[in-house]
Amino acid sequence: MPAVPPPTPHPTWKQAWDAALYGADGFFRREAPAAHFRTSVHASPLFARALATMTREAGLDTVVDIGAGRGELLTALRALDPGLDLLGVEVAARPPGLDPAIAWTTALPEAVEGLVVANEWLDNIPCHVVEVAPDGRLVVVHVDPATGQETLGQPLGHSTVAPSLAAWVERWWPLDAREPGTRAEVGSTRDAAWADVVARVTRGIAVAVDYGHTAQHRPPFGSLRSYRRGQEVDVLPDGSRDVTAHVAVDAVADRVGGVVRRQRDVLRELGVSGERPDLGLATRDPAAYVRALAGATEAAELTAEGGLGDFFWVVTVRD
Ligand SMILES: C[S@@+](CC[C@H](N)C(=O)[O-])C[C@H]1O[C@@H](n2cnc3c(N)ncnc32)[C@H](O)[C@@H]1O
């Protein structure tokens, strides 16, 4: 049995990622997400409309947005359906100028009767990264936040590594000891974060929307990425950029009794259609035709293959 390597001086990926995004001056405490990347919320108000429809069709009148950014989704919902009670949960401060009717907090509410949505939240929940070492053992990966240089740390099974990491990897993202360098992003932190949210829904629907993967399609070398000012940049947990990794959505759904759907399917059911409007409308009412065309273009973006339409919705209904 090879000797256990000495502890590395650098933090684990999870520690570095946490400090980079949520430390005292972390990326998300300073920066507006919309300044760095485009989500379905920014792509079109049709996304908000679909969520409003989902809420009302379920007989609910409250929407809680977890990881609410600068309140863009809630602002769109307020414009579409002023009768909804709206609450944003966000580590960043209440945005200046947010409609006073929209409540804002940093802490999850104790109990919710309504629709709880988290769009692109779970991918920003830091998680451990583990890798098959040259000797075939599965080890925790550490990173130098200043340079991104990685080092291999303790093997899973070592007394300093939580046993739950090994259990999660074995169940959800098993790695082959004969393939050094392959890695897994341990989704247990995402599962726990979403379970905490869903447990607070006394009656209603919880929806986590994110890019992700399921057991048959795990990325063999992981999916860590960074974005800054609309560009993909080198992955670095130094607080200067976003750090994200795809979500193991099947694991999340299993934890909360949820169903995994694709965004394009859910949105189409909720009336979001990217079909070209009837050409006859162009002669009958040209202005209405142009509006309908713009709506169809936005709908097409939200439902696109290879784009936002591929996003997963983990939907849990609590009666
Ligand atoms: C990728 S952004 C998504 C923003 C918005 N939902 C959208 O779709 O445009 C993730 C947001 O989640 C927030 N966030 C992360 N962890 C959080 C937590 N534990 N509580 C509240 N907000 C959190 C971040 O500050 C950031 O604004």
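Colleague: Which residues line the largest cavity?
Modeller: This is a predicted model, in which local features need pLDDT of at least 70 and side-chain atom pairs count only at pLDDT 80 or more, while totals for chains, interfaces and linings use all residues. Residues are numbered from 1 along each chain as its sequence is written, and side-chain values use heavy atoms, with hydrogens and water left out. A cavity is a set of points, on a 1 Å grid over the protein atoms alone, where a 1.4 Å probe fits but cannot get out, and a lining residue has an atom within 4 Å of a point. The lining of the largest cavity consists of Val-64, Ile-66, Leu-108, Pro-109, Val-112, Val-116, Val-197 and Arg-200.

Colleague: What volume does the largest cavity have?
Modeller: The structure holds one cavity of 30 Å³ or more. Grid points are joined across faces, edges and corners, and a volume is the space filled by probe spheres set on the points. For the largest cavity this comes to about 50 Å³.

Colleague: Which strands each supply at least two residues of that cavity's lining?
Modeller: Helices (H or I, at least four residues) and strands (E, at least two) are DSSP runs, numbered from the N terminus. Among such elements, the strands that each give at least two residues to the lining of the largest cavity are E1 (62-66) and E4 (112-119).

Colleague: How many residues of the cavity lining are charged?
Modeller: Ala, Val, Leu, Ile, Met, Phe, Trp, Tyr, Cys and Pro count as nonpolar, Asp, Glu, Lys and Arg as charged, and the others, Gly among them, as polar. Seven residues of the lining are nonpolar and no residue is polar. The number of charged residues is one.

Colleague: Which residues are closest to the centre of the largest pocket?
Modeller: A pocket is an open set of points with protein on both sides within 12 Å along at least five of seven lines. The largest pocket holds about 500 Å³ of space. It is lined by 28 residues, and the closest to its centre are Ile-66, Gly-67, Ala-68, Glu-90 and Trp-121.

Colleague: Which residues are closest to the centre of the second largest pocket?
Modeller: The second largest pocket has a volume of about 400 Å³. Its lining has 16 residues, of which six are nonpolar, six polar and four charged. Closest to the centre are Tyr-211, Tyr-227, His-246, Leu-308 and Phe-311.

Colleague: Is Thr-12 buried or exposed?
Modeller: Thr-12 sits in the segment before H1. Leaving aside neighbours within four places in sequence, Thr-12 is in contact (heavy atoms within 4.5 Å) with His-128, Val-140, Val-141, His-142 and Val-143. Because its relative accessible area is 9%, Thr-12 is buried.

Colleague: Is His-217 buried or exposed?
Modeller: His-217 lies in the loop between strands E10 (212-213) and E11 (225-228). Its relative accessible area is 59%, so His-217 is exposed.

Colleague: Which residue in E16 stands opposite Ala-208?
Modeller: Two strands pair if DSSP finds at least two bridges between them. E9 (residues 201-210) and E16 (residues 312-318) pair in the antiparallel sense over seven bridges. In E16 the residue opposite Ala-208 is Val-314.

Colleague: Which residue of the hairpin of E5 and E6 takes a positive phi?
Modeller: Strand E5 (residues 128-132) has five of its five residues buried. Three bridges join E5 to strand E6 (residues 138-143), and the two run antiparallel, with Val-132 opposite Leu-138. The hairpin has five residues between the strands, and the one with a positive phi, near 90°, is Gly-136.

Technical notes:
Buried means under 20% relative accessible area, exposed over 50%, partly exposed in between (1.4 Å probe, protein chains only).
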